[in-house]
Amino acid sequence: AAETGLSYLRRMVPVPLDIVSHELSRRAEGNGSSDLADIVADLPDSLGEQPRPGGVGRLPQTLEPTDVDPVLQARLDDLVGNGRLGQVPDLSDDDLVALAAELRTFEAVVSERRRSFFGAVDALQAELARRYRDGEASVESLLNG
């Protein structure tokens, strides 16, 4: 459940970040601010610009989050909830830069938590494998005990 919750939070960041980054690029090219219709029309380009970050190569057992850290969820809601992405055209350049930075920071925090989680899982699996390999544990003892 913890793995699924962290994976869910991490998957929720790239799209808003791509939209904000695309709007910043558009403005930097001298195209001025978009309106919401422009942002929607540009979604194929916005979402195709950035490569996706690599993961640990593990898929969660289920994609439906059942245990999401409430502090991280609240932070994500603060960043992109309540229609904030629909307000992107109205945000100043400085506000867009700040939002992009906050989204990158949030993604880094969640990614670090995921790495730590998988590090702990890997350590536990290695210890179990060692115990079975060294004879300290056996399948028979599990079935009989």
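Me: Buried means under 20% relative accessible area, exposed means over 50%, and partly exposed lies in between, with a 1.4 Å probe and protein chains only. Why is Leu128 called partly exposed?

Reply: This is a predicted model, in which local features need pLDDT of at least 70, side-chain atom pairs count only at pLDDT 80 or more, and totals for chains, interfaces and linings use all residues. Residues are numbered from 1 along each chain as its sequence is written, and side-chain values use heavy atoms, leaving out hydrogens and water. Leu128 has a relative accessible area of 49%; this value lies between the limits of 20% and 50%, so Leu128 is partly exposed. Its place is in helix α6, helices being DSSP runs of H or I with at least four residues, numbered from the N terminus.

Me: What makes Leu128 part of a nonpolar patch?

Reply: Nonpolar side chains (Val, Leu, Ile, Met, Phe, Trp, Tyr) are joined within 5 Å. Leu128 forms such a patch on the surface with Tyr132, Val139, Leu142 and Leu143, and together they have about 530 Å² of accessible area, by the Shrake-Rupley method with a 1.4 Å probe. Two or more residues come from each of α6 (93-133) and α7 (139-144), and α7 gives the largest share, 3 residues.

Me: How do you know whether Phe117 and Phe118 are buried or partly exposed?

Reply: Phe117 has 26% relative accessibility and therefore counts as partly exposed, whereas Phe118, at 5%, counts as buried.

Me: What makes up the largest nonpolar core?

Reply: A nonpolar core is a set of buried Ala, Val, Leu, Ile, Met, Phe, Trp, Tyr and Cys residues joined through side-chain atoms within 4.5 Å. The largest one has 19 residues, and Val20, Leu103 and Phe106 have the most contacts inside it. At least two residues each come from α1 (2-11), α2 (14-28), α5 (70-80) and α6, with the largest share, 6 residues, from α6.

Technical notes
Patches are made of residues with over 30% relative accessible area and no salt bridge: like charges are joined within 9 Å, nonpolar side chains (Val, Leu, Ile, Met, Phe, Trp, Tyr) within 5 Å. A salt bridge is a side-chain nitrogen of Lys or Arg within 4 Å of a carboxyl oxygen of Asp or Glu.
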